[in-house]
Amino acid sequence: MADQTFGPNGWTPERLGSLEGQTFAITGANAGAGFQASRILLSKGAQVVMLNRNPDKSAAAIANLEDEFGTDAKVSFVRMDLAVLASVREAAAEVLETVPKIDALICNAAIAQVPSQTFTVDGFESQLGTNHYGHFLLCGLLYERIEASKGRIVVVSSLGYKMGLQTMQFDDMNWDANYHQNRTYCHSKLAQMMFAYELQDRLAAANKGVEVYVCHPGSSNTSLIQTSGNLMSRLLWGLMTLSPAVQSAEKGSFPEVMCATESGLKQRALYGPTGFQEMVGPVGEGTLEPYAYEKPVMERLWSVSEKATGFQWPL
């Protein structure tokens, strides 16, 4: 039975009160669910810091937001390429210098369905390097600022975590032997979830006040596949967006906004749509498969990630 915590219509932004004085940092915020999350948060008086790769698209996004909310809208941009660890470090340094508090860091950005094996400048398979390693490092670099605000980290994953190997391929993290555009993407999204759940455990053991939540946007009409998928993937997705099995990017943003703001949520959970196959519909707690928090795998992934990024978390 679908979660009824927030009633038959699920969680919606109508639950939000004023967010004046709160600051939210969002990766991949110039389009799709990240942009819609920015809109919702700004509409409630929050400050939004966009962490995006493309300066021109970010400027256009900010211009659109200022048209809607006025030129005094509290929105800014820091350039960051998650696929380049040096860029993540530079962006985090700029955030620490210019943003005095972070109430929630929303790890929204991703690439998906990359047709053939490609690598980041640091030598990682591109989807794992961007979606997981980049966010792993960013969260670690900004952790103390988040902790100072007793804030949150929100990891935006995907239902795709169920469609891959359902564990980590530690003997070939770059998928040199068996690259597959979808299974490799699913591997990266499962890695993000395992990072979040292991972080929950480490924070609890250290008695820290930071909360970590995991969500997914369901099947939402964003540019994710159109940006990095092959021609067939783009065509199939284009047809699928015409069906009731795909919802708007705005609705796709509800789970991440909820996880960044709502009190009383469970941490060892997966939030997202609870309707048809959990792809669309009212937002609440969905199904979380136990292999997503298999402790020995999470611990090993943490060690692998610290070595890969050259960053040791202060926990």
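A: Let us begin with a single side-chain pair, keeping in mind that this is a predicted model: the side chain of Thr287 makes a polar contact with the side chain of Glu278, at 2.8 Å. Apart from residues up to four places away in sequence, Thr287 touches Glu278 together with Tyr161, Lys162 and Leu270.

Q: How should I read a pair of strands, and which way do E5 and E6 run?

A: One general idea is that, in a regular strand, the side chains alternate between the two faces of the sheet. Here, strand E5 (residues 152-156) and E6 run parallel and are joined by 5 bridges, with Val154 standing opposite Tyr213 in E6. Strand E6 (residues 211-215) is mostly covered, since 4 of its 5 residues are buried. Together with helix H5 (residues 181-205), E5 and E6 make a right-handed β-α-β unit.

Q: What should I look for where helices H1 and H2 cross?

A: Look at the distance, the angle, the hand and the residues that meet. The axes of helix H1 (residues 32-43) and helix H2 (residues 55-69) come within 11 Å and cross at roughly 30°, and this crossing is right-handed. Among the residues that meet there are Phe35 and Leu42 in H1, and Leu65 and Phe69 in H2.

Notes: Residues numbered from 1 in each chain as written. Predicted model: local features only at pLDDT ≥ 70, side-chain atom pairs only at ≥ 80, totals over all residues. Heavy atoms only, no water. Contact = heavy atoms within 4.5 Å. Polar contact = N/O pair within 3.5 Å; in protein donor to acceptor, adjacent residues only side chain to side chain. Buried < 20%, exposed > 50% of the residue type's maximum accessible area, 1.4 Å probe, protein only. Helix = DSSP H or I, 4+ residues; strand = E, 2+ residues; numbered from the N terminus. Pairing = 2+ DSSP bridges. Right-handed = clockwise from strand over helix to strand, strands pointing away. Axes fitted to C-alpha atoms, helices over the stretch in contact; angles between N-to-C directions. Left-handed = near helix turned anticlockwise from the far one by under 90°.
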